[in-house]
Amino acid sequence: MEFKEGGRSFDTYMDIRFFLEDLFGRKVDLVDRDAIKPALAPHILRSVRYVPGI
């Protein structure tokens, strides 16, 4: 999911997280791609699961 310009906020992040946790019935870990340390990026991005239509 990509945010519109100016659409990033803590509240938006938490709303999306809780929505996905309710939808899937499990804990969800959201990561801002820009905040991933370069050394960790390959390991984290390898485990990413994209949800179509969200």
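Does R17 count as buried, partly exposed or exposed, and what is the relative accessibility behind that label? What follows answers this for a predicted model.How does R17 count in terms of relative accessibility: buried, partly exposed or exposed? At 24% relative accessibility, R17 counts as partly exposed. Buried means under 20% relative accessible area, exposed means over 50%, and partly exposed lies in between (1.4 Å probe, protein chains only).

The model is predicted: local features need pLDDT of at least 70, side-chain atom pairs count only at pLDDT 80 or more, and totals for chains, interfaces and linings use all residues. Residues are numbered from 1 along each chain as its sequence is written, and side-chain values use heavy atoms, with hydrogens and water left out.

The protein chain has 2 helices and 0 strands. Helices (H or I, at least four residues) and strands (E, at least two) are DSSP runs, numbered from the N terminus. Of the 54 residues, 13% count as buried. The accessible surface of the chain comes to about 5100 Å². Carbon and sulfur atoms account for 56% of that surface. These areas come from the Shrake-Rupley method with a 1.4 Å probe; for residues, only the protein chains shown count as cover.

Helix 1 has 15 residues. From its first C-alpha to its last it reaches 21 Å, close to the 21 Å expected at 1.5 Å a residue. The expected span is 1.5 Å times one less than the number of residues. M14, I16, L20 and E21 are buried in this helix. Seen down the axis, the buried residues of helix 1 fall within an arc of 160°, so they line one face. The arc is that of the directions from the helix axis to the C-beta atoms. The face turned away from the buried side carries the exposed residues D11, D15 and D22. Just after helix 1, G25 takes a positive phi of about 70°.

A search of the whole structure finds 1 salt bridge (a side-chain nitrogen of Lys or Arg within 4 Å of a carboxyl oxygen of Asp or Glu). The side chains of R17 and E21 meet in a salt bridge at 3.1 Å, N to O. Both residues lie in helix 1, 4 residues apart, about one turn of the helix. An α-helix has 3.6 residues a turn, so residues three or four places apart point the same way. E21 is buried, with a relative accessible area of 10%. Not counting residues up to four places away in sequence, E21 touches R26, K27 and V28. Contact means heavy atoms within 4.5 Å.

Helix 2 spans residues 41-46 and includes I44. I44 is partly exposed, with a relative accessible area of 30%. V31, L40, I44, L45, V48 and Y50 form a nonpolar patch on the surface. Together they have about 510 Å² of accessible area. Patches are made of residues with over 30% relative accessible area and no salt bridge: like charges are joined within 9 Å, nonpolar side chains (Val, Leu, Ile, Met, Phe, Trp, Tyr) within 5 Å.
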